[in-house]
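User: I'm new to protein structures and would like a close look at just one topic. Could you walk me through the contacts between residues and what surrounds them?

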Amino acid sequence: MTGETYLMLPTVARIVRLHKLRTLWLGDHIYNGSKQVVQLVTKLSDLEEISLQYSLRIRDQHLLPLIIKCTKLKRINLRMCRYITTNFIWSTLEILSQRVTAAQPLIILVYGTCINADILRVIIYTILKNLVTKVYYILYSYCFQVFRLS
């Protein structure tokens, strides 16, 4: 559904009965994304893509159950969701890092949110720095063991 369609909660409740649904675009209406709607959508365990574009009632904490329960998510459109902050990105990174299986990349569209490019650069730098530190530690440990055995 796209355009100026307002989805009532009973409509969303019927949509989430489609357990194998993989893509859900809730339209561009400011009331389509709410805490209650996201709670219903978390029942879609096969969901790969969701658009909550222009959902002005959605907040960071409303989306975290979606990240936790919909483990197959590949793409979230949060464009123009003005109350989404960097806290959502940090919390999402924490959730994804705790998954046992290797998570596939998650694309989050954030244009028009409270997240700006400078913050994204810091987040990417932090991730890469932590990754390099881990790789360095693994290589150092391996080399140390090899030299001890020699």
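Analyst: Among contacts in the protein chain between residues at least 6 apart in sequence, 78% join residues at least 24 apart; a contact here means heavy atoms within 4.5 Å. The model is predicted, so local features need pLDDT of at least 70 and side-chain atom pairs count only at pLDDT 80 or more, while totals for chains, interfaces and linings use all residues. Residues are numbered from 1 along each chain as its sequence is written, and side-chain values use heavy atoms, leaving out hydrogens and water.

To find your way around, follow the elements from the N terminus on: they run α-β-α-β-α-β-α-β-α. That makes five helices and four strands in the protein chain. Helices (H or I, at least four residues) and strands (E, at least two) are DSSP runs, numbered from the N terminus.

Our first stop is I15, which belongs to helix α1 (residues 9-15). I15 counts as buried because its relative accessibility is 17%; buried means under 20% relative accessible area, exposed means over 50%, and partly exposed lies in between (1.4 Å probe, protein chains only). Setting aside neighbours within four places in sequence, I15 touches L21 and L24.

Now move to L26, in the loop between β1 (23-25) and α2. L26 is buried, with a relative accessible area of 2%. From C-alpha to C-alpha, L26 and Q53 are 7.7 Å apart in space, though 27 residues apart in sequence.

Next comes T42, placed in the loop between α2 (35-41) and β2 (49-51). At 10% relative accessibility, T42 is another residue that counts as buried. Beyond its neighbours within four places in sequence, T42 is in contact with P65, L66, K69 and C70.

In α3, the buried residues are D60, H62, L63, L64, L66 and I67, and the buried residues of α3 pack against α2, β2, β3 and α4.

One of those partners, α4 (residues 86-97), has 12 residues and reaches 17 Å from its first C-alpha to its last, close to the 16 Å expected at 1.5 Å a residue. The expected span is 1.5 Å times one less than the number of residues in the helix. In α4, T86, F88, I89, T92 and I95 are buried.

K74 counts as partly exposed because its relative accessibility is 37%. Leaving out neighbours within four places in sequence, K74 makes contact with E48, Q104, P105, L106 and I107. The C-alpha atoms of K74 and I108 are 8.4 Å apart, with the two residues 34 apart along the chain.

Y54, in the loop between β2 and α3, has a positive phi of about 65 degrees although it is not a glycine. M80, in the loop between β3 and α4, also has a positive phi of about 65 degrees and is not a glycine either. Most residues other than glycine have a negative phi, and most peptide bonds are trans. Y54 counts as partly exposed because its relative accessibility is 34%.

R59 lies over the face of Y83, at 4.0 Å from the ring centre; a charge sits over a ring if NZ of Lys or CZ of Arg is within 6 Å of the ring centre and within 35 degrees of the ring normal. As for cysteines, the count is zero disulfides, a disulfide being a pair of cysteine sulfur atoms within 2.5 Å. C81 is buried at a relative accessible area of 0%, whereas C114 is partly exposed at 46%.

Finally, step back to the whole chain. Buried residues make up 34% of its 150 residues. The accessible surface comes to about 9,800 Å², of which 61% belongs to carbon and sulfur atoms; such areas come from the Shrake-Rupley method with a 1.4 Å probe, and for residues only the protein chains shown count as cover.
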